[in-house]
Structures are given as C-alpha cells and as structure tokens.
Amino acid sequence: MSDAPTDVPGAPSGRRSTSTWSPLLLRWRRLSARLRLGPLVVACLIALLIGVVVGRLSSPGADAGAAQAIQTAILPLALDADGIWNSASGERDPVAEGLVALRQEGDPVPVQTWGEAWLASYDGVLLQLAGLDMPATARPVQRQYITAVTLSRDAVEVLRHAAEIDDPDDRLDLLTEAGRLRQRSEQLTASARASVLDLDGQRADVSPLPGLTSFQEGRRG
C-alpha cells in the first residue's frame, strides 16, 4: 500500500494546503519509523531544515548587490557622459554651449570645432559601459544607461549636421531634433535611476515619459 496521502474528492482546496509543514512532518515521522531513528535525531533534522529555510529567506537578495554594483561602476560613467553635454573639460566646450551658440547667435564654430571631440568622448564612455561585467539583475539597467548615452551622442550627430546647414528653418528643425534626443536621453537616465531604487528595495513610480518639444515650438524658440 502506498504511503502517499490522497486527496478526498470534493474537499475544499484550502484544506489540502492549510499547512506546508504537515506533509513534511508526516514524512519525517514515517522515515523515523522505517529507519528507527530516535525522536532527538528527527528533531535535529527538522531544526536543520527550518534553519536552512529561514536562512534563505533572511539573507540579502541579489538585487541589493546589483544596486551597489550599479552605484559603484555605472553611475560614475553616467556622470562623465552628462559632463560632456553640460560641463567644459580643459579647453573643450560643452555640447550645450555649442547648441546655444548655433541657435541664438547662428555661430557654428563651437560645434564645428568640438563636434568630433564630443563624439569621441561619448564613444569612450559607451565602450566602458558596455565592457562592465555586471550581475545579471543589473544588466537591464546597464543597457538603459547605454541607450541614454547613445541618444546624447545621436544628438551631437544632428547638431554637427545643423552646423553645416544654411537655411534657417531647416537648421532650427535640426536643432530642435537635437534637443529632443537630449531630452529623451535625460528621461531614460531618470528611468534608469528609478530602476536602481527598485533594486535597492525602494519603490519608484512608473509613468509615461513626458512629451518632447514640438517642431513648431522649436521654430518659435
């Protein structure tokens, strides 16, 4: 005769799953009877099983380690990428100043002078980001940052093309598109930071991304 417990037909499903420990205890009892183990040995085995389960439940999760890895390895590179757009470095102007000079003063010289250096700097950051060996749970955030930096790099490509355009309306459209790409880059960076908070055990809101500057607004601006 089989020792496996059988379900009573028609019995409520809640009764069959009222306790996950009852089947375990029943199995230990039967094992004790078959192997002639003493009650103390059985109690020790049960205590060991409970200790393993509690230890697994109380141990730090992999997500916390992933969040720490992102803060240590990825965030400094993300700050470097942001600095290419917003901060001067040595003699190199930031991208933002080149965009303003071209839009407000019609001066293409800063973009023509530093455009190639901006792209090279972004390429350097992207290579470092892609080369990081991150925990599996951190890789989606790693990809988010790579995409955000790539969008800023794409904005520089459009900005360089705008510096070669003479038609004012076409130039304004290209400058607007460069700004739109940068806006998306900033939004995706914010989403990546929210993902880090989720990994760290906090709860970040999820919402649609804000709208971008329209081309009509860009021409008026």
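The model is predicted, so local features need pLDDT of at least 70 and side-chain atom pairs count only at pLDDT 80 or more, while totals for chains, interfaces and linings use all residues. Residues are numbered from 1 along each chain as its sequence is written, and side-chain values use heavy atoms, with hydrogens and water left out.

Let me begin with the fold. The protein chain has nine helices and zero strands, where helices (H or I, at least four residues) and strands (E, at least two) are DSSP runs numbered from the N terminus. Of its 221 residues, 30% count as buried, that is, under 20% relative accessible area with a 1.4 Å probe, protein chains only.

I turn now to the core. The largest nonpolar core holds 40 residues, and Ile70 and Leu159 touch the most other members; such a core is a set of buried Ala, Val, Leu, Ile, Met, Phe, Trp, Tyr and Cys residues joined through side-chain atoms within 4.5 Å. Helices 4, 5, 6, 7 and 8 each give two or more residues to this core. Beyond its neighbours within four places in sequence, Ile70 is in contact (heavy atoms within 4.5 Å) with residues including Met134, Tyr145 and Leu199.

Finally, consider arginine 92, in the loop between helix 4 and helix 5. Which side chain of opposite charge is nearest to arginine 92? That is aspartate 93, 8.0 Å away, and the buried arginine 92 has no salt bridge, meaning a side-chain nitrogen of Lys or Arg within 4 Å of a carboxyl oxygen of Asp or Glu. Leaving aside neighbours within four places in sequence, arginine 92 is in contact with Trp114 and Trp118, among others.

Key. Buried means under 20% relative accessible area, exposed over 50%, partly exposed in between (1.4 Å probe, protein chains only). Lys and Arg count as positive and Asp and Glu as negative; His and the chain ends are not counted.
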